Amino acid sequence: MRPGQAAGASRGPAGSAQKGRPRFAKPLTPAGLIGWTALSAILPGTAHLRAGHRRTGYILLGIFGLLLATAVVSGFIIANNAGFLTRDSTLTTGVVLAIVGGLAWFLLLLSSYISLKPERLSGRGQIVSGIVVGVLCVSVMAPFALTASTVLTIQDAADAIFPSEGEDPVATPIKHEDPWGGRERVNFLLVGGDGAGNREGIRTDSMTVASVHIKTGNTAMFSLPRNLQHVHFPTGTALGKRFPNGFMRELPNGGLLNEVWQYAEDHPEVMPGKKDGQRGPRALMDAIGHTLNLKIDYYALVNMYGFAHLVDAIGGLKIKVERDIPWGGLYGTAGTIKAGYRTLSGEEALWYGRSRVGSDDFSRMARQRCVIGAFAQQATPSVVLTNFVKIASVAKRMARTNIPRELLEHIAELGLKVKDARIVSLQFVPPEFYTGSPDWQKIRTATARTLRQSVQPTRRPQAAPASPGASGTTPAPGASSATPAPGASGVTPSPTPTRTRVAAAKPSQTPTQNGKNAQSLSEICGF
């Protein structure tokens, strides 16, 4: 064999080995090694490809692409099923995935760094690159840790605020095949509690019923004045027996609606079998439900001072201020909220709804209604998610409700409908409704009419008003398309009275007319 052939033969295996194990085009510098490692955090597998480990690199890229596609598809699915995010199983899965993801990305960067062979660098280069990559490994875990922490906060807040089904035996039960139990509407009592540190108990300063049409999300809001006197309770209940003629009817200047909650809490004998904290809301739900001829399904109470923190948590409240409102104390010495479109801080929003300087309770009710409406519009899902940790912290300390935890996912889906739906509002204040001697039948008639208006088209021809019908005609509770109530515009009252949910108290007559329509919050508040 010739020498050349022998040499060629000896080089053959080496040449094939070199083809099987690609080498770097040129040695990596510390900066290059760090850059390729960092790039692998965004595009997993790129560092392995650069190191010549093609199979591993392509597998990692494929897995990443599959995960990305799965995330996009899941996003579209969840967008149409917002309640899915509130499930305990979903939240637990989210925490597990965040932990696994953080560990996986940590190992990915570590593997990418090792595959680039840092031992080929100088001693100084190895130290610098090792420190920087170590920081990168910890840094890529931060978003996953934040995600896990946020999800745990959501889960903890939901469990703290919303009781498990069965904790409140009088709450409307949930049927899993139909969480609303075949109802056309669900009625929530929204309460602003004045539980300041210098007062004992809770005074329900703001009381609003939100009646939501489940199919459309259209909502009718009813604001009840805190000084509505001598409300009645359903026949047969303990409080109905205690006050057959109305709440503290024997006190001409007493028996206000905002005293019902605390009275029930202070007198456990009138509501036997109820736990502390359940008597007050149940008594108020019974009184307001009987007044409006509606079944109040759930309540939610937020301490008024907690509401100020909620406003701050979403970055303030944009609202139209109709006139200058002095605020702070009895004489408005702290400052003035100027008229015009303003972004109010939490404290300013609280005082805007509560200031009595130069105004009465009914003006305050109108402002409170606009504050609630503005908050509902501006607390969008994106805003809530961005500030969720702050919101959850406030809500845990300041909110109470009997909405079952198991219903939360359905409430979330309903809430998204309400944001894009029509909201009409009616407040029972003078001169249309007297608070000292209420005409209960008139309140019920106006309630039923407003419920029908909430599901009607925004604009429709108005006929000449009909004369008020007999007071004995009472609309069915919660009806949105039932026989129109007497006094509705352009409607002739039916001569056949419908049956009420409970026996109504004998109404006291007032000389006010009974034909005022509810208005949308956009019209009232200038949204």
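**Overall architecture**

The model is predicted: local features need pLDDT of at least 70, side-chain atom pairs count only at pLDDT 80 or more, and totals for chains, interfaces and linings use all residues. Residues are numbered from 1 along each chain as its sequence is written, and side-chain values use heavy atoms, with hydrogens and water left out.

Colour the chain by secondary structure to display 17 helices and 11 strands; these are DSSP runs numbered from the N terminus, helices being H or I of at least four residues and strands E of at least two. Of the 527 residues, 46% count as buried, where buried means under 20% relative accessible area, exposed over 50%, and partly exposed in between (1.4 Å probe, protein chains only).

**Strands around β4**

Select residues 185–194 (β1) and 298–303 (β4), which pair in the parallel sense over 6 bridges; pairing requires that DSSP find at least two bridges between the strands. Within this pair, G193 has N303 of β4 as its bridge partner.

Continue to N402, in the loop between β9 (399–401) and α15 (408–419). Is N402 buried or exposed? Its relative accessible area is 3%, so N402 is buried. Display the side chain of N402, which reaches the backbone nitrogen of Y299 at 2.9 Å, a polar contact being a pair of N or O atoms within 3.5 Å, in which, within protein, one must be able to donate a hydrogen and the other to accept it, and residues adjacent in sequence count only if both atoms are side-chain atoms.

**A helix crossing**

Select α10 (residues 304–313) and α11 (residues 346–354), whose axes come within 7 Å and cross at roughly 135°. α10 is therefore oblique to α11. On α10 the contact is made by M304, Y305, A308, V311 and D312, and on α11 by G346, E347, A349, L350 and R354.

**A loop residue**

Finally, select E269, in the loop between α8 (260–266) and α9 (279–292). E269 is partly exposed, with a relative accessible area of 48%. E269 and A238 are 31 residues apart in sequence, and their C-alpha atoms are 9.0 Å apart in space.

Note on methods
Axes fitted to C-alpha atoms, helices over the stretch in contact; angles between N-to-C directions. Parallel < 35°, antiparallel > 145°, perpendicular 65-115°, else oblique. Contact = heavy atoms within 4.5 Å.
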